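Subject: Model for your review

Hello,

Here is the model I promised to send over. Please open it first, then read my notes below.

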Amino acid sequence: MSETISGGHLVAKALKAEGVDVIYTLCGGHIIDIYDGCVDEGIEVIDVRHEQVAAHAADGYARITGKPGCAVVTAGPGTTDAVTGVANAFRAESPMLLIGGQGALSQHKMGSLQDLPHVDMMTPITKFAATVPSTERVADIVSMAFRECYNGAPGPSFLEIPRDVLDAKVPLEKARIPQAGQYRASTRQLGDPEAVEQLADMLAHAEKPAILLGSQVWTCRATDAAIDFVRALNIPAYMNGSGRGTLPPGDPHHFQLSRRYAFTEADLIIIVGTPFDFRMGYGKRLSPTAKVVQIDLDYRTVGKNRDIDLGIVGDAGLILSAAAQAASGRIENGVARRKAWLDELRAVETAAYEKRLPRQHSDAQPIDPYRLVHEINEFLTEDTIYIGDGGDIVTFSGQVVQPKSPGHWMDPGPLGTLGVGMAFAMAAKQARRDKEVLCLFGDGAFSLTGWDFETMVRFDLPFIGVIGNNSSMNQIRYGQAAKYGEDRARIGNTLGDIRYGEFAKLLGGYGEEVRDPAEIRPALERARESGKPSLINVWVDPEVYAPGTMNQTMYK
Ligand SMILES: Cc1ncc(C[n+]2csc(CCOP(=O)(O)OP(=O)(O)O)c2C)c(N)n1
Ligand SMILES: [Mg+2]
């Protein structure tokens, strides 16, 4: 008799071929054969408390490792619970595969347990969504889903595997099992060479250029190319999303607080790997007279919402390197001439920083959120991966916290999903045990997925959790107060005064309550030394809002 193999074991083989070494999951009878396959292939199974966390963790794993992440959830509610994580990965351009269970094909549309039209639900928020129709095709279709994740800008794929397809055994020789490194090609593209030449020409003529290094700089692992580019051409660099940390704070080309000024005064603005979405004011906040160049992995993003002078579709690193090389020799003493422009921006930057500094040093009680994020920023090392998960408190941190290394900043991305923090911390620590992980939560955000603190304890994944606790969903409360008046401002946004430090202890972690600003730093140190998953619950002033919240910038 020939050797046989089941669908779940074929899933595990396909994951192994892709280099995936962990799946995030919450169990269900429809999917257990995948676990059995993972045991054989040496793939770790991390079981979480909510499928949203499994999907966010797969997204986070992809961001940290550069490999696709994988979450496995059961049919019906398991899959619907994971929708938010897939949606977040979709907007954040994060390559992950969600595998959902499904009722047996033999019971198709008969009303089987947990049956839902998963593929229809997932199609608009994935790059590829399909049912696996036969056991022989399981590994083949998993490899297909991975290929699709890398079509243009990356993103998620979804597969549902009916229970009888997953459990059935087929002769090994009948199954198509793609081999590692042999079923998909690199999708890195150089961009149109003529457009790169044009960019070089624009760079040669620009007097006041500025560049924005967006998330795709990290996605493309283009850090070195971006650094070489800004140094060779002497261009001030701003960073957003996962692009933060491309240059370390203190670098002469690292700018942050003068962005609006720079984009108003510049004569050439190069936008790399970030769309003209709400975070960019849909492109409206760029000088109307500046030449605008947009580089992106996705042709659909280039020129969307705002006209551009030049668009280049392709890999950020390859394009920046090619443009720098093409421009070298053409600029002559132009690079030195830009010194005045950099000095001008540095003066704006320094003034903005100094204006805010007293707030960052505030001794006020309740604690000024600026003080909390300042303490966190001072506490971060080159090896700390920083994660933000919350509303107003995270808006404060976006202004003040500067990751010290590339790939060390994680935020949900343009979906703005609360609840990513615990999952990102899980994936980051699991994939990079050598790194320290610090996550700043709003108390509202924390409560969405906070039970997975227990998973961090169970899998011994130490991290430093900080809660900016204002007993409110403050970012929303501000808008309500402004629109409906103070007497109606507390509807639907008020949380209890929860001692989350105690919650951490209850679940086997380290916890503290902090009400005195002078105690923030020592508490962070103790959390670091504890070697445990921790929660430092910092009671911040609920009456203080971030400027971005007060301007309601996100809705403009
Ligand atoms: C899953 C999800 N639900 C709701 C929202 C809307 N929302 C944005 S900010 C915010 C308040 C968050 O409160 P918290 O995390 O405590 O941060 P704070 O604003 O109080 O600092 C809410 C509910 C969202 N972005 N994501
Ligand atoms: Mg809050």
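H3 passes H17 in a right-handed crossing (right-handed if the near helix is turned clockwise from the far one by less than a right angle, left-handed if anticlockwise). The model is predicted: local features need pLDDT of at least 70, side-chain atom pairs count only at pLDDT 80 or more, and totals for chains, interfaces and linings use all residues. Residues are numbered from 1 along each chain as written, chains are lettered from A and ligands numbered from 1 in the order written, and side-chain values use heavy atoms, without hydrogens and water.

H3 covers residues 51–65, and H17 covers residues 421–431. Their axes are 7 Å apart, at an angle of about 45 degrees. The pair is therefore oblique (under 35 degrees is roughly parallel, over 145 roughly antiparallel, 65 to 115 roughly perpendicular, the rest oblique). The contact (heavy atoms within 4.5 Å) includes His 56, Tyr 61 and Ile 64 of H3 and Phe 424 and Met 426 of H17.

H3 also packs on H4, residues 77–92. Those axes come within 6 Å and cross at roughly 30 degrees. That makes H3 roughly parallel to H4. This crossing is right-handed too. Among the residues that meet are His 56 and Arg 63 in H3 and Asp 81 and Val 86 in H4.

Now the ligand. Ligand 1 is surrounded by 16 residues (a heavy atom within 4 Å). Asp 392 and Asn 474 are among the closest. Oxygen atoms of ligand 1 lie 2.6 Å from a polar backbone atom of Asp 392 and 3.0 Å from a polar side-chain atom of Asn 470.

Best wishes

Technical notes
Axes fitted to C-alpha atoms, helices over the stretch in contact; angles between N-to-C directions. Helix = DSSP H or I, 4+ residues; strand = E, 2+ residues; numbered from the N terminus. Polar contact = N/O pair within 3.5 Å; in protein donor to acceptor, adjacent residues only side chain to side chain.
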